[in-house]
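My notes are below the display.

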Amino acid sequence: MALRSCLEFPDRLYQLGPGSFALLLQGGKEAALRVEGCLERALKGLPLPPGGAAWLRVALGVALFPEDGASLGELLRHADLALAEARKEGGLAFFNPELARAHRERQDTLALLSAALEGEGFRIHAQPIAELESGKPVALELLLRLEVEGRLVSAGTFIPLAEETGLIVEMDLWLLNRLRELDLGLPLHLNLSPKTLADPRLLETAALLRGRPLEVEVTEYSLAQPGTREVLKALKRLGFGLALDDFGQGYASMNALVENPFDALKVDRAFTWGIGQNPKAEAVLRAALDLARTLGLQAVAEGVETEEQRRWLLQVGYRLGQGYLLGRPSAV
């Protein structure tokens with residue numbers, strides 16, 4: 001075994017599971033670096049399977065005694081945190097207190113999300129989609145916020161974690177269920193995660209909202225997921241509108257706009273922020289508007305934050321926008 005050949009007396013090797021091992025090394029950081037280098041060379045020398053190819057990568061997480069832990073259990077936990085860091089790009093990662101802090105925060109946030117799904121921790125906010133000329137709202141995009149001890153937790157803190165763990169599905173379904181008792185006097189928009197689009201409960205829940213003025217927003221990344229087209233068509237049959245959100249941020253082909261029954265195209269805020277600074281961003285905004293018109297879609301410019309942006313968008317032909325200039329998210 002390549003791993004065993006890289007050890008020196010009195011190093012010890014223990015198998016924890018398929019492809020997972022624990023090493024007890026003498027020599028601190030230098031010993032860990034030695035083993036990493038040895039493994040890299042050993043893997044490069046392995047013969048490839050007949051008629052095929054193999055992609056092998058070393059990931060080592062290291063915790064040092066006594067500075068990273070006084071017991072074997074503590075050292076293993078800290079080495080596991082370092083291993084998670086090493087797996088991101090391969091190679092070797094040493095434990096540091098920042099990894100432990102990030103892990104605690106992650107676990108705390110997961111606990112808050114789970115508690116909110118069972119209790120009253122989530123708050124619904126809404127941001128208007130408005131006419132650029134008059135500022136009059138024509139629809140409201142619903143956003144889920146997490147409240148802890150009277151303060152709102154940044155969406156950037158919990159949304160990526162919810163996506164990673166799959167809790168985003170429960171959150172989307174929670175919000176859809178609340179729409180049955182919510183009447184804000186305007187059509188509602190709701191952005192759904194790619195994971196939610198793949199969950200069979202989505203269409204069952206959405207069917208209970210038939211007849212409500214609701215437009216479902218999906219990102220370009222969702223379109224690459226198997227089965228998305230069928231789900232979007234089913235939502236359309238239920239009477240809901242469909243919008244492609246953050247257009248230009250992902251890698252959707254033009255064919256995706258032709259094959260899916262979208263009603264609106266929301267152009268990513270990065271292009272709006274380039275108005276007056278980046279001619280290429282302005283060119284994309286013009287092209288997106290022309291594309292939307294050709295396909296019979298409503299075009300919405302996202303990220304409208306300044307009067308200069310609003311005037312420019314109106315001048316080139318945009319009618320609708322969304323952003324802080326037109327209205328910030330507020331509790332409903």
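What follows are my entries, topic by topic.

**Ground rules.** I'm working on a predicted model, where local features need pLDDT of at least 70, side-chain atom pairs count only at pLDDT 80 or more, and totals for chains, interfaces and linings use all residues. Numbering starts from 1 along each chain as its sequence is written, and side-chain values use heavy atoms, with hydrogens and water left out.

I took helices (H or I, at least four residues) and strands (E, at least two) as DSSP runs, numbered from the N terminus. Two packed helices are described by the angle between their axes and the distance between the axes. Axes here are lines fitted to C-alpha atoms, for helices over the stretch in contact, and angles run from 0 to 180 degrees between N-to-C directions.

I looked up helix 5 (residues 155-165) against helix 6 (residues 167-178) and got an angle of about 110°, with the axes 5 Å apart. The two are therefore roughly perpendicular (65 to 115 degrees; under 35 is roughly parallel, over 145 roughly antiparallel, the rest oblique). F158, I159, A162, E163 and T165 of helix 5 meet L167, I168 and M171 of helix 6, where contact means heavy atoms within 4.5 Å.

Next I checked helix 4 (residues 97-118), which packs on helix 5 at about 80°, axes 10 Å apart. That makes this pair roughly perpendicular.

**Salt bridges.** How many salt bridges does a search of the whole structure find? I got 17, counting a side-chain nitrogen of Lys or Arg within 4 Å of a carboxyl oxygen of Asp or Glu. I noted the one between the side chains of E131 and R319, at 3.8 Å, N to O. E131 is in strand 5 (residues 122-131) and R319 in the loop between helix 13 (307-316) and strand 13 (320-322), so the bridge ties together parts 188 residues apart in sequence.

Most residues other than glycine have a negative phi, and most peptide bonds are trans. I found a cis bond joining F9 and P10, omega about 10°; P10 sits in the loop between helix 1 (2-5) and strand 1. The bond from F65 to P66 is cis, with omega near 5°, and P66 is in the loop between strand 3 (59-62) and helix 3. D246, not a glycine, has a positive phi of about 55°, and I place it in strand 10 (residues 241-247).
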